[in-house]
Structures are given as C-alpha cells and as structure tokens.
Number of protein chains: 2
Amino acid sequence: MSARGFVASGVACGIKESGAPDLALVATADGRPVPAAAVFTSNLAPAAPVQVSRAHLEATGGFASAVVINSGNANAATGAAGREQAEQTCATVAEGLGCRPEEVLVCSTGLIGIPLPFAALQSGIAPLLAARHASGFPDAALAMMTTDMSPKDVLRSGEGFVVRGIAKGAAMLAPNMATMLAVLTTDAGSSPAELRAALRAAVAHSFNDLSVDGATSTNDTVIALAAGGAGARPALAGVMADVCAELATLMADGAEGATKRARIRVTGAASVTDAGRAARKVAESQLVQCSLYGADPYWGRIVSELGSSGAAFDPDRVSIAYGGVEVCRAGVACDRDDGALAAAMAARNVEITADLGLGDGTAVVTFTDLSPEYIAENMRTS
Amino acid sequence: MSARGFVASGVACGIKESGAPDLALVATADGRPVPAAAVFTSNLAPAAPVQVSRAHLEATGGFASAVVINSGNANAATGAAGREQAEQTCATVAEGLGCRPEEVLVCSTGLIGIPLPFAALQSGIAPLLAARHASGFPDAALAMMTTDMSPKDVLRSGEGFVVRGIAKGAAMLAPNMATMLAVLTTDAGSSPAELRAALRAAVAHSFNDLSVDGATSTNDTVIALAAGGAGARPALAGVMADVCAELATLMADGAEGATKRARIRVTGAASVTDAGRAARKVAESQLVQCSLYGADPYWGRIVSELGSSGAAFDPDRVSIAYGGVEVCRAGVACDRDDGALAAAMAARNVEITADLGLGDGTAVVTFTDLSPEYIAENMRTS
C-alpha cells in the first residue's frame, strides 16, 4: 500500500560496476506538481544535486512533481560540470513527465570527487520512467542503496491517510559511500509551509538524533511530497515523525560494521541545548563506542565525555546506568547488580542513561558501536 | 644530563597488578620550592589530583618543590575520598622532603571511577623518596607509563641551560588508560608568571595540536618547574616549546593502535581560528582516519569535513595534497602523479595540506590513523 497519487520505480543504468540497481524515481502519478519540502545537509560543500534541488524548491515556492535519485556516485566535489549534469538530469525527467525542470528534485549518493557517469545515467531515465508504477516503491528503495544491508521502506497510517518513507542510510552510519537520503510521500493534504514545518520537526527528532561518527555528509537530503488526495490532515506531522523515527532506527540497525545499537538519554541537564550537546558528545566518542563493542560498562568514559561536552556539569551530581542498572551515583561508583549489568551490556540494543542532576533538560541520541568491521568497510574506497 | 637542581625516581608500589613501576617523583634536590606552572585539562570532571594540584599552585602563588605521579589508577570520579587521598599523598611526600604539603603537586593516570589503592601508594612513598637522584629521570618516565610502548624523555639545551621533559601519552592517543601527563624541569631562572606564559604557549602548539580521538581526559596535566640555577634566560620559552613539540611527536608515534602519523596543515583560511577548527575537524574524522589506515587518498572525505567544520568554506576554492601530490584543485579532481601519490600514502608519516583559498589563516594538527588494533586496545578495560 502506498500514498495515493504517487508512483515509483528503480532500474540499473550502469553507474554501479556491479550492475546492481542504481537509479530510482518517486513521482506524482499524473506528473503534476504537489507541495514539497526538503531538509538538506548543513555542509558548506554541498553536492551538486543538493545545490540544484535547493534552487528548484526555491524557484517553485515549494512544489515538485518528482525526485530522481542515483546511487553509486555522489556527484559531489564535481564543480560546474556536476551542477550542469544534475540540472540536465532534472530536465530529462521533466520532459518525460511533462512538467517543468524545476519541478524535479535530484539526489545522488556514493563516492565524492569522481565525475558522474552521466551517459549511463541519462540512458537509464527512459526505462526508469517506463517502469513507474504505484507498486514501484520497493524497487526505488532498492536502487537507492549503497552499502546498506537491506532496503528501508516504512509505511504508517493516520486516519484516512498514509505516509510512506523510503531511505538509504548510510548518513553518518555507513559513510564510506556517503550520505543518507529519504523520500516521504503522503496522500494527506498540506501547504508547502505546513509540510516544511512538519518535516523539520520530524527530522530533528529522528535523523538528527542519530550519530555514528559525527560526519555531516555532502549529500544528506530528506524530501517530503504531499499529494493531498486524502484532504488536509492535522495528524500528518505526527505520522511523518513516526516514519522518520522508524527509518532512523532501521539505519542504526543496518549500519555495517555495527554490532550494537545504543541510545544515550541525558536527563537533568541545565537546558535542552545542554542535554543535546552532552548526549551527542557521548554518542560521538570513539572510546564509548569501543567500550560498547567490548560490552564493557566502563562508565568513566561517559563521565569524561560529559565533562568535556560544553554542557554545564557537576561531577558530584551525575548518575549513570546501563539498561537500567545503575553503575555511578553522585559521581562515584555505586553498588551494582553485576549479573543484570552483564546481561544489559550483552544485548544487541543498549540503553544508557546519564542524569546530570542540574535541571530539566533531556535529549536522546542513537548511535552504534565501533568495530573492526567499520574500519574494514571504510579503509578503502576500491 | 638533567636540569641542575632536580632529582627524580620511580618505583613499583603495587597499584599495577603486573608489578610494573607505578609511582614517580620529580623534586628539587634540596626540597625547597621553585617557580612552578601548570596547564590542566579543561574537562569539567577533573580528577582529584587535578583539583588538588590546581589548589596547591594557587595557594603558593606558583611555587612547588615536587611532583608525585602514580600510574595504574586515575583517581577520577572518586569523590571526596579521592580528593582526601590526593591531599594525603602530597602531605606524605612533603613530610619526607621537608616542605609544606601545598608545595607538592600530584598527578594520576589510569582507569577512571575505581577507588585508588591508597595503602599501596602510601607504602611506596618512602622507597620513592629514598631512590631520588639526579640520574633518576628515566626511572620516573618509566613509572609514569600506562599503555605507552616506551618511556618519553626529551632533553634540549639553550645557552647555559637545559630543559628536560618526561611524559606519558596517551592523552587523546591511547586513552584506554586515560590521559597525558608531562613534567618539564629547567635550570633556567624564571618567575612563576613568566614560566606560566612560556608553558601555555608551548602547550598550545604541541599537545593541543595533537589529536587522536578528540577526547579531553579527566587527568591531562603538564607541569613546569624552574630551579633558576643557571639564571634568567630569555630563550627559555623557545626551548620549552621545542621540548613539548618533541614530546607530542613521540606521543603520536607511540600511540598504540596507530600504524601511521599524519599532519593536516590548513592554509588560506579566513582566520587562524577557522584554520584551527578546520584542521581539527579533519584530524578527528573517523573516516579520514580509516582512509589513512588504508593508505587511500580519498580526499572527498577531507572536503566533506572541511565543509562541516564551522570554518568559512568555498567548495570551488579548495585544493588538497597528500605528501605534496595535489589531488584536488579548485574543488575538483585534478591530474595527478599516481606513483608519487601511492608512495606518499604508503609512508609511515603522511603530510596532508588543504588550502581553502580564502585568506591567511594557517594551522597544523597532528593525528594518527584508526586501526583495528585501536579498537582491540580500547574495547575492554580488563
């Protein structure tokens, strides 16, 4: 089941040497533009498709008919030629759909700094358009993948409408091949401004609360399209948030090299900003990630990261627990249940809580462990 | 050869289960206080010895007779009991030297959050004092070690004076056992204020330009003592800077898990602050570190880190080179000498330059690669 009014497809056009699917499309069924919103990477070296999609959304005031996505090459650090090719890709898709070029958005994911195999991409657009169908979303999700272990495709229903999200992640998770991409479609109605607000809120508490190595890629993009067939739905924002949260969890679970997924929940911070800063510092710590891989409840590293996070911190007030088993109270080691602790550390998913004892600020960040497989995956691009 | 007026020693007192040396002393030969300066960690969860040493230096206005150092336990996250034990350690050493307790500084290095084996430490102080000798610096350097592969002991001469530095590092390099510590002694004369200024400058361009995993430990401490026997020497600051730079290089070379040492030099930044921010972001990137381990000149990751560093950045102006072999010019791949590039990447030490093309800001940060051995070293504390 998909959001009414959308079609999708995925084909292999030859960008990937393996011959795997590498070109995906999500479009309105009739080719007409609908309200669209996007959140792009904050990286100051945005890939060509990010630059082009951002300009297109500005030109249309927040409308789009389609998103075309290639995997296998990021089209980043490719200069004016890369921008021209991203524009041309949109124009070719627009011609096929019967819409304007600026009503097409474009995403790329793969290696940075390598010219786009443009002839291959262009040759794939006709078959891509021909294959588009309401049941084509799994094919599109497959064609977005780089080093993902499985496609990511989530459907959630509200009353009278659905939101479907497909994604590749990656992101900060498997960044060898760069980036995370996600496309959300809904048959609920929404203005561009409402859709933008809903998407920003959804991203803030899902993809932006996810970290593996702290990298902010050149290509990260999340796009939402609202076809409106089901009429305006005030519950849309909540369902979009659920879809993004679920996609983010799938990304953490599927990150290669990761043997564990962890959540650090910081409570009692002096402010929400401080809580976020502290949680992110812990999540991005190579040492905390190594301890997680080793199933070692070495909470001293968490204290050290909290103390250097920039958040207000009183070492005599902090308490830390793994899977609900307290290991540090008022800043020092406390009596603990070693059996329960070992079980918590051995689990696939580890919940870590750190209460700073200073205020009401709370934040949660999801991350993964650091394993030798992560290094093996990322040490060479070829 | 040592700085005139100082003695040192190192013994095994039983903190380390292995029986290896774990207690070190550096002191004035006559037990009388001399000008002293220190730079401590900025971590808001400073270890007990950091808190005590900072208070002692404030109480004396910048004078000290001795530094006592234990390895094998960080005495961090140990609360009031840890502070009391650090104070008591200073008092016991002071009694033996015939100085006041606040004229003794104390450092600890090892695991965080575990009560200090205080009886063992106290029992070691008498033999430690008895062993002190002008030729005892190598023993002291040995007793400071945690996971270091070799002791770090550097001597540099100025005209008529010397500076000797012993260190353990660690620091951000091999932080399993926490922290970096360094003690500099000189027979040059200096006021406490002059010594403080010289030490801060020396640390800023040595230990603070060194990064492996971005951690700022609970115990990091660098102490300088100036006995003055050689009279006031304006060249002191320069020689201290040389000693710190050499110790920092030894730390990068000796970091376990590291197979390569790299330097990232950022030039052409809009400001020195921007240059430092950009260089540090590259140095702390797990992905850049993985590429370094794999000897892979994947410069796209460097562009991505520069673009997300917070520094002003124009992707169309950046140039990047490995070992002088340019791989990216004006933001895109350029013709390159593949043979020379392969040789540069295969070297033990890799020099990376990134010119941002925006201004005159320059900064250099030294770092290491990320290897499976780093994870093996840090995944479990026991």
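Is A77(A) buried or exposed? This report on a predicted model opens with that residue and then turns to helices, single positions, the core and the contact between the chains.

## A buried loop residue

A77(A) is buried, because 29 other C-beta atoms lie within 10 Å, and a residue counts as buried at 20 or more. Its place is in the loop between β5 (66-71) and α2 (79-97) of chain A. The backbone of A77(A) has a phi near 55°, a positive value in a residue other than glycine.

## The helix after that loop

Helix α2(A) has 19 residues and reaches 28 Å from its first C-alpha to its last, close to the 27 Å expected at 1.5 Å a residue. Among the buried residues of α2(A) are G82(A), Q85(A), A86(A), T89(A), C90(A) and V93(A). An α-helix has 3.6 residues a turn, so residues three or four places apart point the same way.

Just after α2(A), G98(A) takes a positive phi of about 80°.

Helix α7 of chain B, residues 272-283, has 12 residues. From its first C-alpha to its last, α7(B) reaches 16 Å, close to the 16 Å expected at 1.5 Å a residue. This helix is mostly covered, with 9 of its 12 residues buried. The buried residues include D274(B), R280(B) and K281(B) as well as A275(B), A278(B) and V282(B). The elements that cover them include β11 (261-269), α8 (286-293), α9 (300-307) and β16 (361-368) of chain B.

For α9(B), 8 of the 8 residues are buried, so this helix is largely enclosed by the rest of the structure. Its buried residues include G300(B), R301(B), E305(B) and G307(B). The cover of α9(B) includes α7 and α8, together with β12 (319-322), β13 and β15 (349-355) of chain B.

## Partly exposed positions

A330(B) lies in the loop between β13 (325-329) and β14 of chain B. Although A330(B) is not a glycine, it has a positive phi of about 50°. A330(B) is partly exposed, with 14 other C-beta atoms within 10 Å.

A20(A) lies in the loop between β1 (6-11) and β2 (23-28) of chain A. A20(A) is also partly exposed, because 14 other C-beta atoms lie within 10 Å; a partly exposed residue falls between the limit for exposed, 12 or fewer, and the limit for buried, 20 or more. A20(A) and A248(A) are 228 residues apart in sequence and 24 Å apart in space, C-alpha to C-alpha.

V162(B) is found in strand β8 (residues 161-168) of chain B. With 19 C-beta neighbours inside 10 Å, V162(B) counts as partly exposed. Leaving aside residues up to four places away in sequence, V162(B) touches M1(B), A3(B), L155(B), R156(B), S157(B), T186(B) and D187(B). The C-alpha atoms of V162(B) and E305(B) are 41 Å apart in space, and the two residues are 143 apart in sequence.

## Domains and nonpolar core

The domain assignment of chain A gives domain 1 (6-254) and domain 2 (261-378). The C-alpha centres of these two domains of chain A lie 33 Å apart.

The largest nonpolar core has 262 residues, and those with the most contacts inside it are M240(A) and M240(B). Not counting residues up to four places away in sequence, M240(A) touches V163(A), L184(A), A198(A), L199(A), A202(A) and A224(A).

## Two chains and their contact

How is chain B related to chain A? A rotation of 180° with 0.0 Å of shift along its axis superposes chain B on chain A, with an RMSD of 0.1 Å. That is the relation of a two-fold axis. The C-alpha nearest the axis in chain B is that of P372(B), 2.4 Å from it. Both copies use the same surface, and 100% of the contact residues of chain B recur in chain A.

The contact takes 49 residues from chain B and 49 residues from chain A. On the side of chain B that touches chain A, α8, α9, β14 (332-333) and α11 (372-378) of chain B each supply at least two residues. By class, that side of chain B has 25 nonpolar, 20 polar and 4 charged residues.

How values were computed. Residues are numbered from 1 along each chain as its sequence is written. Chains are lettered from A and ligands numbered from 1 in the order in which they are written. This is a predicted model: local features need pLDDT of at least 70, side-chain atom pairs count only at pLDDT 80 or more; totals for chains, interfaces and linings use all residues. Copies are superposed by least squares on the C-alpha atoms of residues with pLDDT of at least 70 in both. Two residues are in contact if their C-beta atoms, placed from the backbone, lie within 7 Å. Helices (H or I, at least four residues) and strands (E, at least two) are DSSP runs, numbered from the N terminus. The expected span of a helix is 1.5 Å times one less than its number of residues. A nonpolar core is a set of buried Ala, Val, Leu, Ile, Met, Phe, Trp, Tyr and Cys residues joined through C-beta atoms within 7 Å. Domain bounds come from an automatic or database domain assignment. Ala, Val, Leu, Ile, Met, Phe, Trp, Tyr, Cys and Pro count as nonpolar, Asp, Glu, Lys and Arg as charged, and the others, Gly among them, as polar.
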